[in-house]
Amino acid sequence: MDLVDTIKKTFVAIHREGYPFIAAFAAVTLFLGYFSSILFWVCLILTAWCVYFFRDPERVTPVDDRLVVSPADGIITAVGPAVPPRELGLGGGEMTRISVFMDVFSCHVNRAPVRGRITRIEHRPGQFLNAALDKASADNERNGLVIDSPNGTVAAVQIAGLVARRIVCWAETGGAIGIGERFGLIRFGSRVDVFLPSAATPRVAVGQTAVGGETILAEFGGIAATPLVRVS
C-alpha cells in the first residue's frame with residue numbers, strides 16, 4: 001500500500017452538504033475565541049463534531065439482488081408488519097418494515113437498499129417527534145422513494161427527527177439506482193424505514209447496529225438476475 005492509499009483510508013471524505021455548516025461553526029469558533037479561550041475550545045469541539053457528522057465514507061456493498069442492505073448507519077428499532085405511508089401509493093395492506101434509527105453521531109448519508117428504477121418520490125410535511133418513536137412513521141416530516149426492484153416494489157422512507165429539520169434527496173423519479181448508491185441525507189438525527197414485500201425474510205433483530213450500504217437487512221428467497229456492474 002502506497003502513501004496515497006494510506007492517506008485516503010485514514011481521512012474520510014466530507015459530504016458537500018456539510019461545507020456551509022462546517023464553515024459557520026468554524027467562523028463562530030474564531031469569533032468567540034477572540035473573547036474567551038474557554039468558548040474557543042467548546043466551539044472547536046462542536047466544529048469537530050460537525051465535520052464528523054457530515055462524513056461520507058466509502059462502503060463495500062454486496063452485489064446480489066437477493067439481498068436488501070441497510071439504507072443508513074444506526075440501530076434497528078423495528079422489524080415487522082406495517083402499512084406503508086399512503087402517499088407512496090402502495091395500497092393499504094401491510095408490508096415488512098425495517099426501521100433504522102440514526103442518532104447525532106451516526107453517518108447520515110442514505111443509500112439505496114436495493115437496485116432498480118425509482119418510480120415515485122413523495123415528500124410530506126409533518127411534525128418533528130423523536131424519530132425513535134413508532135408513531136414518527138406516520139406523524140413526522142418524511143420523504144419516500146419507491147423502487148421497482150427485481151424482487152418487487154421496495155420503498156425507503158427518510159423520516160425527520162427531533163433535531164432534524166432538513167431532508168435532502170437528490171434521486172430523481174424515473175432514474176435507475178444501484179444497491180448501496182447514495183440518494184440522500186438527513187440532518188441532524190433521524191430514521192429511515194424500508195418497506196419490503198412479504199417474500200423478503202428479515203436477517204436483523206431489534207437492537208442490532210447496522211452499517212449503511214453493507215449490513216444485510218433482509219433476503220429474498222427467489223432467484224433474481226444479478227447485475228454485472230455495481231453502481232456506487
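**Core, modified serine and salt bridges**

Mentor: This is a predicted model. Its largest nonpolar core has 28 residues, and the members touching the most others are Val 68, Ile 76, Ile 98, Leu 196 and Leu 217.

Trainee: Which strands each supply at least two residues of this core?
Mentor: Strands S3, S6, S7, S10, S11 and S14 each do that.

Trainee: And what does Leu 196 touch, not counting residues up to four places away in sequence?
Mentor: Val 68, Met 95, Thr 96, Ile 98, Val 154 and Ala 218.

Trainee: Okay, new topic. Which residue does the "modified residue" annotation cover?
Mentor: Ser 190; the unreviewed UniProt entry gives it as "Pyruvic acid (Ser)". Ser 190 lies in strand S11, which covers residues 190-196.

Trainee: Is Ser 190 buried or exposed?
Mentor: Ser 190 is buried, because its relative accessible area is 0%, and the cut-off for buried is under 20%.

Trainee: Now salt bridges. How many does the structure hold?
Mentor: Nine. In one of them, the side chains of Glu 58 and Arg 182 meet at 3.3 Å, N to O. That pair links distant parts of the chain, 124 residues apart: Glu 58 sits in the loop between helix H3 and strand S1, and Arg 182 in strand S10.

Trainee: Are those two buried or exposed?
Mentor: Glu 58 is exposed at 62% relative accessible area, whereas Arg 182 is buried at 18%. Both also belong to a salt-bridge network with Asp 56.

Trainee: What does Arg 191 form a salt bridge with?
Mentor: Asp 193, with the closest N and O atoms 2.9 Å apart. Arg 191 and Asp 193 are both buried.

Notes: Residues numbered from 1 in each chain as written. Predicted model: local features only at pLDDT ≥ 70, side-chain atom pairs only at ≥ 80, totals over all residues. Heavy atoms only, no water. UniProt positions renumbered as here; feature names shortened; annotations may be inferred. Helix = DSSP H or I, 4+ residues; strand = E, 2+ residues; numbered from the N terminus. Buried < 20%, exposed > 50% of the residue type's maximum accessible area, 1.4 Å probe, protein only. Core = buried A, V, L, I, M, F, W, Y, C linked by side-chain atoms within 4.5 Å. Contact = heavy atoms within 4.5 Å. Salt bridge = Lys/Arg side-chain N within 4 Å of Asp/Glu carboxyl O.
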